Each structure stands twice: as structure tokens, then as C-alpha cells.
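Take a look at the chain shown here.

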Amino acid sequence: MRFSLLSSSVALLSMVTAAALSAPAEESHEGHDHSRESRTPQRQKRPSAINPATPREKALQDRIDRAIVALSQQADTAWHKGDYEGLAFANRMITVLDPQDILAWSDLGWILWAGLNNEKEAEKVLRAGVAANPNRHDLYYDLGFYLYRRKRFHEAAAVLHKGTRFKDADAVTWNVYAHALEKMGRPEQAAEVWREEKKRFPDAPHPDVNLARMKRKGLIK
């Protein structure tokens, strides 16, 4: 988050902090979808988005950090209750307070298309998240997977390819990139991606399974 955002956050904080800081305690997430586990512990360990230069700036940054943790608790509670609108709102507020909060962009985009069926807004959010965080692989994956699920394979492959350029890109990003290439009718390129995934992630199951499948079908030698 840039200093200009820090200095302009007072009005937003006045609207959301009171409600967020009084949010109910986090409920049990037993049986929670494990792909969307509680984000609150991660937020509690988050470093401040900037290094405040003055005591006043530090005090404001501390308020922002506390609000983000509280909004995360609110989001967890909303998820547990099936309140998708509340979940979306809490995460949207986090992205405003800290545009570098990858988890908030990811969760907001996901719940918009998977829970609220607002695909147009979900794509807008994910693209905004990528624009705000161009040097992180995470949101390239989220946007690429969204496009893949929409069967926009050429667009998905282009986005996922960008995601694989980062050293911390995970095996799942490489796997979906390969699938997008295969869906585009480029089996040899897909096979090369899976081979590269195998080199980077020897224990990943995707390369062996998919390369064997493609050989059986005569798509590759």
C-alpha cells in the first residue's frame, strides 16, 4: 500500500473500523472447505504494508492493520454462515485498505463467481488484483483458472504462462497452464509444460498421469 493510500484511508476507516472491530469472535470451522480455510491467523502475522515514517503515520497504519484482521474475522464468520454478500464485502474492504493483500483479492474474486454468480465483476476484480500485484504469481493463477473454467483457453494460457515465470509458482499453476494448452489443440506444448513441471516438482502427480494419458490417445509420442 502506497503512502497516498495510507493518508487517504481515514474516511474509509471511520466507516468500517467500528463494525469490523466489533465483529463476533471467529466460529469453529470444522467441516470448512479446506481450500478456503480461515485467513485470520495469516492476517494476524501480516507485516505492515508500509514502513510509517512518523508516529502519526504509525498510529494510522496500526489502525488499518487491526481493521484488516477484524475484517478477516468477519469474512470467516460470513463464510461459515453462508453469507456470501458479507464475505465479498469484507474482502472488498480489505483490498481497499491494502491492495497488496493477495488473499483478499483471491477470496473476493472466487466468491463473486463461485458463490454469487457475478462473473463479470469477478473477472474485473481478479484483473484489478493482478494489476495491483504484478510481481506475484498467485493472482495470475486465480485469473487464469477463472478463464480456464469459462473455456477461454487462449486467454487462460497467456495469463498462466505469466504466472509460471515466477520462481514461487506452484505445481497447480503449471498443471492448469498445460491443460489450457492442450484444450487449445497444442498437445506437444502441453507435454513440454508437464515435463517442466515434473523437473520442478518431482512429487507432483499431474505430469505422469497426463503424459501417460496423452500417449495412450496418440496425442504425443
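What follows goes from the overall picture to single side chains.

This is a predicted model. Mean pLDDT for the protein chain is 82. A value of 70 or more is reached by 76% of the residues. Residues 1-35 stay under 50 in pLDDT. The model still gives that stretch 58 contacts beyond four places in sequence. Those contacts rest on positions with pLDDT under 50.

Now the fold. The protein chain holds 12 helices and 0 strands. Of its 221 residues, 48% count as buried. Take the contacts with a separation of 6 or more: 60% of them join residues 24 or more positions apart. The accessible surface is about 11,800 Å². Carbon and sulfur atoms supply 53% of that area.

Start with helix H6, residues 102-114. It has 13 residues and spans 18 Å from its first C-alpha to its last. That is close to the 18 Å expected at 1.5 Å a residue. How many of the residues of H6 are buried? The count is 11 of the 13, so the helix is largely enclosed by the rest of the structure. The buried set includes Trp 105, Trp 110 and Trp 113. Also among them are Ile 102, Leu 108, Ile 111 and Leu 112. Ser 106 and Asp 107 are buried as well. The start of H6 has a side-chain contact to the backbone. There, a side-chain oxygen of Asp 101 comes to within 3.3 Å of the backbone nitrogen of Leu 103.

Move on to His 137. This residue sits in the loop between helix H7 (119-132) and helix H8 (138-149). Is His 137 buried or exposed? Its relative accessible area is 8%, so His 137 is buried. Which residues surround it? Beyond four places in sequence, His 137 is in contact with Gly 163, Phe 166, Asp 168, Ala 169, Asp 170 and Thr 173. With one of these, Asp 168, the contact is polar and runs side chain to side chain at 3.4 Å.

Side chains of opposite charge can pair when their charged atoms come close. The whole structure contains 12 salt bridges. One of them links the side chains of Arg 136 and Asp 138, at 3.3 Å from N to O. Both ends are partly exposed: Arg 136 has a relative accessible area of 36%, and Asp 138 has 22%.

A second bridge pairs Glu 155 with Arg 152. Their closest N and O atoms are 2.8 Å apart. Glu 155 is partly exposed at 33%. Arg 152 is partly exposed too, at 26%.

Compare the pair of Arg 213 and Glu 182. Their closest N and O atoms are 2.8 Å apart. Arg 213 lies in helix H12 (residues 206-216) and Glu 182 in helix H10 (residues 171-183), so the pair ties together parts that are 31 residues apart in sequence. Here both partners are buried, because Arg 213 has a relative accessible area of 18% and Glu 182 one of 17%, while the cut-off is under 20%.

Some bridges share partners. Glu 123, Arg 127, Arg 152 and Glu 155 are joined in this way into one network.

Key: Residues numbered from 1 in each chain as written. Predicted model: local features only at pLDDT ≥ 70, side-chain atom pairs only at ≥ 80, totals over all residues. Heavy atoms only, no water. pLDDT = per-residue confidence, 0-100. Contact = heavy atoms within 4.5 Å. Salt bridge = Lys/Arg side-chain N within 4 Å of Asp/Glu carboxyl O. Buried < 20%, exposed > 50% of the residue type's maximum accessible area, 1.4 Å probe, protein only. Helix = DSSP H or I, 4+ residues; strand = E, 2+ residues; numbered from the N terminus. Areas by Shrake-Rupley, 256 points an atom, 1.4 Å probe, with all protein chains shown as cover. Polar contact = N/O pair within 3.5 Å; in protein donor to acceptor, adjacent residues only side chain to side chain. Expected span 1.5 Å × (residues − 1).
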